[in-house]
Amino acid sequence: MYSILNDNMRGIITRALAVLVALSICSLLRAQSAAPDKEHVLYTFWTAQSQYAGYIIADEEGLFDKEGLDLILRHYDGTPATDMLSSGRADFISLTLVDALEARLKGLDLVNIYQFMHESSFVIVSRNPIKNLQELRGKEILTYRAFNNVLIDEIEKRLDGDVTIIDVYSCVDVFLAGAFDYLICTSYNELMQLEDSGFKIDRGNVLRFSQSGLNIPEDGIYVRREFLEKNPETVDKFIRACEAGWAEAETDPEHSLDIITDKMSRNLLLRNRYHERRMLATMIRLRGKEKSTRLSREEFDAACAIFDDEAINSISFESFTR
């Protein structure tokens with residue numbers, strides 16, 4: 001049929017087809033540029049709670065989407081965060097600095113891309129006034145099951161081995177029952193659980209790691225080095241979304257608590273708004289006034305110092321941080 005058309009008609013049809021092709025290409029290019037990054041996973045090392053407020057808000061409020069990230073937030077399901085990262089089931093994981101250094105020494109080539117906490121949350125709670133770590137010589141100390149063994153070893157070393165540290169699953173209940181006189185726990189969770197249960201908290205019976213020569217930062221976000229090298233823009237977008245989420249958590253805590261407690265409800269977790277409010281306030285305080293997203297060399301050196309020479313000699317600050 002095309003062959004029997006006159007030159008005029010053939011020219012019109014040809015131009016029309018060219019326009020249609022051009023429009024299709026433009027439409028495809030626009031769709032590609034607007035399409036979000038490929039799907040990524042952020043995995044936290046514990047279940048949903050105010051400890052992860054900024055990330056939960058960034059997820060629930062679409063802040064990752066605004067950055068063009070197709071990101072799924074997953075919380076602890078029994079799988080260690082390092083296993084999620086090493087197996088490729090997660091691209092981003094939350095982890096404490098000591099746990100991250102330990103994983104690095106075991107061969108996982110991870111990199112710190114976002115340091116949230118800049119002060120240790122750990123405290124030692126005593127039934128009687130306590131002034132310093134040395135007063136714990138000859139004592140039995142209770143802690144929770146997931147407390148890092150490297151930190152346990154460091155405390156034992158500072159007390160010349162003259163201390164016994166025992167970990168149990170429900171350390172708060174055991175301590176409240178009177179089985180132990182000393183407890184190592186976090187200030188953003190178990191310490192408040194003790195207070196909520198009626199245990200009297202005075203300045204004199206709480207010894208903070210941050211004031212005892214053990215001020216090692218905790219929560220940060222880590223990725224595999226290969227992922228960072230291949231996806232630097234994705235990492236930048238991720239950090240911007242996290243910062244926006246934490247900013248919202250700080251400026252509008254009540255709305256943030258609505259989001260967090262709703263997430264906990266959907267995850268079938270026990271929740272207490274009063275407790276979550278206090279946890280959120282403590283997490284923001286532990287971040288520090290400067291709100292830096294970067295791990296400092298001083299913080300890195302302090303953490304490495306509690307390992308043996310292997311850590312100091314085999315992991316450089318430049319290779320461990322973004």
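**View 1. Gln 115 stands opposite Gly 220 in S10.** The model is predicted: local features need pLDDT of at least 70, side-chain atom pairs count only at pLDDT 80 or more, and totals for chains, interfaces and linings use all residues. Residues are numbered from 1 along each chain as its sequence is written, and side-chain values use heavy atoms, without hydrogens and water. Strand S10 covers residues 220-224; S4 pairs with S10 in the antiparallel sense over 5 bridges. Two strands pair if DSSP finds at least two bridges between them. Strands (E, at least two residues) and helices (H or I, at least four) are DSSP runs, numbered from the N terminus.

**View 2. An open sheet of 5 strands has mixed pairing.** The order is S2-S1-S3-S10-S4. S2 (71-74) and S4 (110-115) are the edge strands, each pairing on one side only. Neighbouring strands are turned by 25° against each other on average, direction ignored. Helix H10 (residues 232-251) packs on this sheet. H10 touches S1 (40-43), S2, S3 (92-95), S4 and S10. The direction of H10 makes about 35° with that of S4. Contact means heavy atoms within 4.5 Å. Axes are lines fitted to C-alpha atoms, for helices over the stretch in contact, and angles run from 0 to 180 degrees between N-to-C directions.

**View 3. Strand S8 (residues 182-186) is largely enclosed by the rest of the structure.** The reason is that 5 of its 5 residues are buried. Buried means under 20% relative accessible area, exposed over 50%, and partly exposed in between (1.4 Å probe, protein chains only). Both faces of S8 are covered. Tyr 182, Ile 184 and Thr 186 lie on one side, Leu 183 and Cys 185 on the other. Strand S5 (residues 122-126) runs antiparallel to S8, joined by 5 bridges. Val 125 of the model stands opposite Leu 183 in S8.

**View 4. Asp 160 has a positive phi of about 55° although it is not a glycine.** Asp 160 is found in the loop between helix H6 (149-158) and strand S7 (163-168). Asp 160 is exposed, with a relative accessible area of 60%.

**View 5. Lys 291 has a positive phi, near 55°, in a residue other than glycine.** The loop holding Lys 291 lies between helix H12 (273-287) and helix H13 (297-304). Lys 291 is partly exposed, with a relative accessible area of 35%.
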